Amino acid sequence: MTRERQALGAGGEDAAARWLERSGLRILARRFRLRMGEIDVVAEDEDGTIVFVEVKARRGLRFGRPAEAVTAVKRRRLARVAAAFLARCGLSGRRSRFDVVEILPDGAGGLEVRHIPDAFRLWDRP
């Protein structure tokens, strides 16, 4: 991965975390990484739901919306890492969901943030 792409990804994750916090979520972890994969942001919303967030940043829409890059394979990997996070933190009984945050340049030197709550589901939850 080039430094430019790494910078875009890191900047996107920072922008997403700020957006989520301003939206009332409490950040629990960032870049939670296990051998099987990584979750960009783990947060908790006002009702106690654990929110696993995949951040996708792109320079433009040439290859589609950033959220379209969250493939079925990626969703299954995220679910495995999420289950491990819940077990490791003693939160296995908590309600959870998967969100996606898209990051795109806004054309004015800033970033457009699009939060997609409950973007996909992989298991039955209370």
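Visitor: Across which strands does helix α1 lie, and at what angle to β1 does the helix run?

Guide: Helix α1 (residues 3-22) lies across β1, β2, β3, β4 (96-105) and β5, and runs at about 150 degrees to β1. Helices (H or I, at least four residues) and strands (E, at least two) are DSSP runs, numbered from the N terminus. Axes are lines fitted to C-alpha atoms, for helices over the stretch in contact, with angles from 0 to 180 degrees between N-to-C directions; contact means heavy atoms within 4.5 Å. The model is predicted: local features need pLDDT of at least 70, side-chain atom pairs count only at pLDDT 80 or more, and totals for chains, interfaces and linings use all residues. Residues are numbered from 1 along each chain as its sequence is written, and side-chain values use heavy atoms, leaving out hydrogens and water.

Visitor: In what order do the five strands form the sheet?

Guide: Two strands pair if DSSP finds at least two bridges between them. Here the order is β1-β2-β3-β4-β5, in an open sheet with mixed pairing. Strands β1 (26-34) and β5 (111-120) are at the edges with a single partner strand each, so one side of each has no neighbour in the sheet. From one strand to the next, the twist averages 30 degrees.

Visitor: How many bridges pair β1 and β2, and in which sense?

Guide: Seven bridges pair β1 and β2, in the antiparallel sense. Phe-32 stands opposite Ile-39 in β2, and a hairpin of two residues joins β1 to β2. Strand β2 (residues 37-44) is also joined to β3 (residues 50-57) by four bridges, again antiparallel. There, Val-42 has Phe-52 in β3 as its bridge partner.

Visitor: Which residues of α2 are buried?

Guide: An α-helix has 3.6 residues a turn, so residues three or four places apart point the same way. Buried means under 20% relative accessible area, exposed over 50%, and partly exposed in between (1.4 Å probe, protein chains only). In α2, the buried residues are Lys-74, Leu-78, Ala-79, Val-81, Ala-82, Phe-85 and Leu-86. The buried residues of α2 pack against β1, β2, β3, β4 and β5. By contrast, Ala-83, which lies in α2, is partly exposed, with a relative accessible area of 39%.

Visitor: How is α2 placed on the strands, and at what angle to β2 does it run?

Guide: Helix α2 (residues 72-88) lies across β1, β2, β3, β4 and β5, running at about 60 degrees to β2. Gly-90, whose phi is positive, near 70 degrees, follows α2.
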